[in-house]
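Trainee: I have a model open on my screen. Can we go through it step by step?

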Amino acid sequence: MKTSDIILALLGLFLLAFIIAMAVIFCVKDAVPDTLIQYTLGAGGVEALLLAGIKISKVIAGDKPGEMEDTYHE
């Protein structure tokens with residue numbers, strides 16, 4: 001599994017757990033911390049955009065997915 005796939009999976013699991021926790025807090029307290037929600041989901045979006053930018057720059061540079069640079073030369 002590639003590192004970017006692991007990062008996206010962890011980000012998705014974190015956001016799912018966060019949304020469920022906020023729903024539970026809303027059911028119990030009838031209020032949620034709006035600023036916390038705004039910044040947490042915003043940071044997740046920024047992370048996804050940065051990862052997309054890295055992928056796009058690799059495609060433009062001509063790197064093939066899964067291709068590693070050979071640092072050992074005989």
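Mentor: Questions and answers on this predicted model follow.

Trainee: How many helices and how many strands does the protein chain have?

Mentor: Start with the secondary structure. Strands are absent from the protein chain. The count is 0 strands and 2 helices.

Trainee: At what angle do the axes of α1 and α2 cross?

Mentor: Helix α1 covers residues 3-29, and helix α2 covers residues 34-61. Their axes come within 11 Å. They cross at roughly 165°.

Trainee: Are α1 and α2 roughly parallel or roughly antiparallel to each other?

Mentor: The cut-off for roughly antiparallel is an angle over 145 degrees. The axes cross at roughly 165°. The two helices are therefore roughly antiparallel.

Trainee: Is the crossing of α1 and α2 left-handed or right-handed?

Mentor: Look at how α1 passes α2. The crossing is left-handed.
The contact uses S4, I7, L8, L11, F14, L15, F18 and M22 of α1. From α2 come L36, I37, T40, L41, G44, E47, A48, L51 and K55.

Trainee: How many residues of each class are in the contact of α1 with α2?

Mentor: Sort them by class. The charged residues number 2, and the polar ones 3. The nonpolar residues number 12.

Trainee: Is T40 buried or exposed?

Mentor: T40 sits in helix α2. Leaving aside neighbours within four places in sequence, T40 is in contact with F14, L15 and F18. Its relative accessible area is 15%, and the cut-off for buried is under 20%. So T40 is buried.

Trainee: What share of the residues in the protein chain is buried?

Mentor: The protein chain has 74 residues. The buried share of residues is 11%.

Trainee: What is the phi of D30?

Mentor: Most residues other than glycine have a negative phi. D30 is not a glycine, yet its phi is positive. D30 lies in the loop between α1 and α2, and is exposed at 62% relative accessible area. Its phi is about 60°.

Trainee: What distance separates the C-alpha atoms of I54 and S4?

Mentor: I54 belongs to helix α2. I54 is partly exposed, at 45% relative accessibility. I54 and S4 are 50 residues apart along the chain. Their C-alpha atoms are separated by 9.7 Å.

Notes: Residues numbered from 1 in each chain as written. Predicted model: local features only at pLDDT ≥ 70, side-chain atom pairs only at ≥ 80, totals over all residues. Heavy atoms only, no water. Helix = DSSP H or I, 4+ residues; strand = E, 2+ residues; numbered from the N terminus. Buried < 20%, exposed > 50% of the residue type's maximum accessible area, 1.4 Å probe, protein only. Axes fitted to C-alpha atoms, helices over the stretch in contact; angles between N-to-C directions. Parallel < 35°, antiparallel > 145°, perpendicular 65-115°, else oblique. Left-handed = near helix turned anticlockwise from the far one by under 90°. Contact = heavy atoms within 4.5 Å. Nonpolar A, V, L, I, M, F, W, Y, C, P; charged D, E, K, R; others polar.
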